[in-house]
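Hi everyone, thanks for coming. Let me put today's structure up, and then we'll walk through some of its charged pairs.

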Amino acid sequence: MSERERFDELEAALAAVFSGRDVPGDVGDEPRDLALLAGYLLGLPREEFRASLKADLVRPGAPAPEEKREPEAAEVTPQTVIPYVVVPRAEQLMDFVREAFGATEVLRSAGSGGFHGEVRIGGTQLMMGGRPGMSWPESLATLHLYVPDVDATYRRALDAGAASLYAPADQFYGDREAGIRDPFGNRWFIGTHKKGPSHVPEGMRSVTPFFLLRGASEWMELVKQAFGAEEIGRVGLPEGGVRYARMRIGDSILEMGEAHGEHAASTPAMLYVIVEDVDAAYTRAVAGGAQAVEAPTLQPYGARVGHVKDSRGNDWYLATPVRR
Amino acid sequence: MGAGLASGAEQPDERRLIEAAQQDPSRFAELYDAHFHPVYAYIARRVGSRAEAEDLTSEVFHQALANLPRFQWRGVPFAAWLFRIAANALADHYRKTARDRSLTLPDAPPQEDAEDAERRARLYRLVAELPEDQRRVLRMRFSEEKSIRDVAREIGRSEGAVKQLQFRALQGLRARMREGYV
């Protein structure tokens with residue numbers, strides 16, 4: 001009997017197994033054996049299910065099922081890139097941003113897996129999660145915040161426990177700006193734009209993730225290739241490198257520049273990125289040089305999410321919300 | 001590894017895993033990885049559809065995580081505790097769906113049921129060790145219930161090539177089972 005005939009014979013025997021019938025008597029010994037073994041595989045679980053249940057059970061900040069609360073649809077406006085800060089005292093961080101920056105709470109949820117919270121600052125979404133004694137690493141952020149009155153916000157931040165990095169001062173680029181480190185380790189550059197109709201410069205949001213890097217240019221290339229970012233401005237340094245640059249992903253801006261002196265390099269951050277087609281976005285990210293961490297799976301909070309890391313250890317969660 | 005369900009060989013490790021997960025729920029992942037396949041296999045054999053098997057498996061692990069702080073180590077394997085939760089969940093499910101109102105299930109599955117679930121689980125784990133192309137074909141055929149034609153179209157190979165991969169994959173699994181590898 002040719003190999004091809006044996007393959008066909010197995011297929012005939014499998015058809016019987018699939019439909020719950022006995023394997024026909026004229027099937028040879030080997031295909032029969034294999035078909036019987038295959039009968040045990042009829043209950044083979046879907047990998048996607050196994051992975052998504054696991055993610056559901058151990059997701060940092062995952063609320064216990066009975067405490068789960070989804071934000072109202074009307075509370076959420078589109079935003080491509082949402083910074084996600086992971087710290088053990090995430091709930092206190094939420095109190096801090098409310099007190100210091102007047103953040104509005106969108107979601108506050110505490111369950112056995114930890115805390116997950118979402119706020120808006122001046123209309124821009126920011127997420128945070130974690131729990132005391134958590135075993136997963138922190139993800140701190142460097143964030144550029146625009147407020148109506150930088151001096152007042154700076155004072156409120158210090159009153160709420162932040163440390164000053166630099167006091168408010170007028171900058172040549174038209175902002176009055178201060179720097180603080182919040183009690184949880186995040187760095188905030190706080191500015192008020194003075195040369196326009198709004199305290200937020202045109203094209204910017206109230207909160208923008210900022211990356212201070214050594215070799216920013218190389219990282220920018222990766223972000224372009226992997227995440228389809230578009231460079232919209234760059235100021236070079238005389239000795240080479242990037243003094244300051246902006247890139248756009250969807251409707252959101254990322255800012256970046258060379259780490260130097262008192263502006264130390266950012267520690268790895270976490271970004272939650274809304275994409276139209278997570279499978280395509282994940283494939284492009286990995287092809288573009290990002291490191292695959294977890295292929296897209298459906299998450300119980302209503303999104304299909306894939307996870308990759310860039311060359312600097314930043315975590316990118318690519319997510320496509322699923323309508324339910 | 002060859003350890004049966006009630007083997008004591010792994011208990012000290014298991015105890016450490018349970019205590020770690022009681023302190024920090026994110027460590028539940030390790031218990032989940034160790035027990036997902038037998039629990040799923042046990043449930044899948046007893047319900048009519050994949051959707052029911054997934055719902056009930058999910059319920060069992062969520063219940064286990066929620067009740068973990070109350071789990072007390074008395075030398076009873078964690079698997080036995082999970083199977084008891086699974087048996088209860090199945091009984092509830094049968095009652096709700098009224099598939100068989102007269103059915104009564106024991107508190108915990110008989111040993112042979114648990115051993116059958118372990119055997120199936122070992123087979124599922126071996127699937128994960130097959131070469132990528134063979135594994136993919138088996139998953140598409142048995143997890144996703146796709147026809148040879150659909151698999152061929154999806155992976156861009158001929159139907160003959162898919163049949164060959166399927167044949168080789170099953171041969172490989174049979175050899176590993178016979179080797180006494182597990």
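Let's start in chain B, where Arg153(B) and Asp150(B) form a salt bridge, 3.4 Å from N to O. By salt bridge I mean a side-chain nitrogen of Lys or Arg within 4 Å of a carboxyl oxygen of Asp or Glu. The two sit about one helical turn from each other, because they are three residues apart in helix H7, residues 148–155 of chain B. Helices here are DSSP runs of H or I with at least four residues, numbered from the N terminus. Arg153(B) is exposed at 59% relative accessible area, while Asp150(B) is partly exposed at 32%. The cut-offs are under 20% for buried, over 50% for exposed and partly exposed in between, with a 1.4 Å probe and protein chains only.

Quick housekeeping: this is a predicted model, so local features need pLDDT of at least 70 and side-chain atom pairs need 80 or more, while totals for chains, interfaces and linings use all residues. Residues are numbered from 1 along each chain as its sequence is written, chains are lettered from A and ligands numbered from 1 in the order written, and side-chain values use heavy atoms, without hydrogens and water.

Now, which residue does Arg139(B) pair with? It forms a salt bridge with Glu47(A), closest N and O atoms 3.5 Å apart. Arg139(B) lies in helix H6 of chain B and Glu47(A) in helix H3 of chain A, so this pair joins two chains. Arg139(B) is buried at 13%, and Glu47(A) is partly exposed at 28%.

Over all chains, the structure holds 40 salt bridges.
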